[in-house]
Amino acid sequence: MKYTFKTDIDAREFDAFVESFPSTSFMQLSCWAKVKSTWDHVLAGMVDENDQLVCSAMILKRKLFLNWKLYYIPRGFVIDYSNEELLHAFVTELRRAAKKDGAIDIKVDPFTCFSEESTQKVLDGKDVDTIRLFTQDTERITSALIKEGFTHGGYKKEIGAYIQPRFTMAIPLVDREMKPLDKEVLRRSFPKNTRNYIGEYQRKRGVEFYYSQNSDDVKDLVKVLSCTEERQNIVLRNEAYFKGIMEAYPQHARLYFAKINISRYLDFLEEDAQKDAKRREISEKRKQEALEVREKYGEEPLVGATIVLLPTAASGIRVASFLYAGTNTDILPSLKITNGLMYYRLCTCMDYGATVCDLGGVEGTLDDSLTTFKSKFNPNVLELVGEYDLFLNKPMYDAFEWALKVYKKGRTALRNRKK
């Protein structure tokens with residue numbers, strides 16, 4: 001078969017190919033380049049004798065010092081890795097084009113896993129049956145990359161050690177036969193102290209969940225995220241970044257919100273107080289908390305917010321990605337409203353045909369606050385294979401890595417000094 005390498009592929013043609021290919025990621029679409037606007041990008045691929053795309057790569061290009069560049073292909077190539085002829089031809093042409101362009105490295109990070117185990121087993125030692133979705137092609141993909149000259153980037157566990165976290169958590173929304181779960185079956189898969197706060201419990205207390213596809217509502221997301229930033233002493237993305245996601249993925253990006261109607265909650269407490277003396281004592285305390293919240297935040301304060309990308313792949317493993325989430329823990333934390341917001345997101349993703357929900361990165365040591373919250377929903381812990389590098393100028397790459405470490409160390413020292 002004769003193949004031709006192209007780097008001027010029309011975005012619509014490119015995205016149509018990616019979306020039709022099984023189990024692809026939203027990061028493999030041209031839309032992601034719009035979000036990562038500080039990088040240059042190239043839409044590359046191979047066409048066959050009929051000028052039809054047979055593989056693709058959404059290449060982000062970062063300019064380094066002295067006009068050198070880093071090539072990064074989020075989630076790797078969209079290709080049949082078992083087609084050795086096609087893969088070799090593509091990597092050969094890609095290497096040639098990248099070297100000519102001044103690239104020192106081609107970096108990929110396929111969404112495939114070394115291991116995939118339930119948190120019940122990993123954290124609690126329980127012998128449970130794990131539904132594994134991302135380990136089936138690991139050997140094929142990693143072996144193919146190594147055969148083409150790629151080098152594995154290591155096994156670091158820190159969430160920020162690589163461009164994308166190497167450890168993440170995900171909740172399968174299908175059974176072993178790949179049939180969609182019933183929503184009540186999903187709810188009952190959660191631990192008792194999680195599922196008891198979901199559904200009727202929160203509805204009776206005035207908690208409401210909703211989503212929006214209006215990019216103007218990003219301001220509300222940022223407002224809630226600022227509470228998380230202040231509480232955890234971290235810096236997340238700004239309003240422009242989230243607006244960029246909404247506008248780049250108008251059919252797939254959703255903002256999810258949780259709010260509480262204080263008047264309805266007070267009515268519930270008033271009714272509940274009539275049942276017995278113990279309930280009356282608890283209700284009076286909760287009423288005072290609710291009144292303080294109303295005075296500070298208004299009648300219907302936002303408690304939680306998150307941004308989600310629904311699956312972009314048309315077939316195979318269809319992943320819904322939970323990107324950023326925030327909570328205002330000052331607002332009635334006893335109601336555990338974030339439990340309900342998580343379940344609401346999962347249910348709407350099921351309605352959209354998601355196979356699995358990626359809850360996002362965690363520390364590989366599994367001892368961080370993100371792990372503590374996400375594990376309440378019995379997800380799987382995914383150890384991704386991480387990064388693979390095709391070095392085109394190793395000495396220059398090593399110099400860049402050294403300079404980057406020095407810069408990060410200096411930046412951290414400066415921040416600590418300001419504190």
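I began with Phe-77 and Phe-150 and found both buried, where buried means under 20% relative accessible area, exposed over 50% and partly exposed in between (1.4 Å probe, protein chains only). This is a predicted model, so I kept in mind that local features need pLDDT of at least 70 and side-chain atom pairs count only at pLDDT 80 or more, while totals for chains, interfaces and linings use all residues. Residues are numbered from 1 along each chain as its sequence is written, and side-chain values use heavy atoms, with hydrogens and water left out.

How are the rings of Phe-77 and Phe-150 arranged? Their centres are 6.2 Å apart and their planes stand at 70 degrees, so I noted the pair as edge-to-face. For the term: rings of Phe, Tyr and Trp (its six-membered ring) pair if their centres lie within 6.5 Å, with planes under 30 degrees apart counted as stacked, over 60 as edge-to-face and the rest as tilted. Phe-77 is in the loop between strand 4 (69–73) and helix 3 (84–100), and Phe-150 is in the loop between helix 5 (138–147) and strand 7, 73 residues apart. Helices (H or I, at least four residues) and strands (E, at least two) are DSSP runs, numbered from the N terminus.

Next I took Phe-190 and Phe-377, whose ring centres are 5.3 Å apart with planes at 90 degrees, so this pair is edge-to-face. Phe-190 lies in the loop between helix 6 (183–188) and helix 7 (192–195), and Phe-377 in the loop between helix 14 (369–374) and strand 14 (380–384), so the pair ties together parts 187 residues apart in sequence. Both Phe-190 and Phe-377 are buried. I found 22 aromatic pairs in the structure. Phe-77 and Phe-150 also belong to one aromatic cluster with Phe-5, Tyr-81 and Phe-90.

**Cores.** Which residues touch the most other members of the largest nonpolar core? I listed Trp-32, Leu-221, Phe-242, Ile-245 and Tyr-249, out of 42 residues. Such a core is a set of buried Ala, Val, Leu, Ile, Met, Phe, Trp, Tyr and Cys residues joined through side-chain atoms within 4.5 Å. Helix 10 (residues 239–248) gives the most to this core, with 5 residues. A second, separate core has 41 residues, including Val-207 and Leu-341.

I then followed Trp-32: not counting residues up to four places away in sequence, its contacts (heavy atoms within 4.5 Å) include Met-58, Pro-74 and Tyr-249.

I traced an open sheet of 7 strands, ordered 1-2-3-4-5-15-7, with mixed pairing. Two strands pair if DSSP finds at least two bridges between them. Strand 1 (4–6) and strand 7 (151–152) are at the edges, each with a single partner strand, so one side of each has no neighbour in the sheet. Strand 2 (residues 40–47) and strand 3 (residues 53–63) pair in the antiparallel sense over 8 bridges, and Asp-40 stands opposite Lys-61 in strand 3.

I counted 0 disulfides, meaning pairs of cysteine sulfur atoms within 2.5 Å. Cys-347 has its nearest cysteine sulfur, that of Cys-349, 9.3 Å away. The sulfur of Cys-349 is 3.9 Å from that of Cys-357, too far for a bond. Cys-347 is buried at 9% relative accessibility, and Cys-349 is buried at 0%.

My last stop was Lys-287 in helix 12 (residues 277–297). Lys-287 is buried at 17% and, leaving aside neighbours within four places in sequence, is in contact with Leu-266, Leu-269 and Glu-270.
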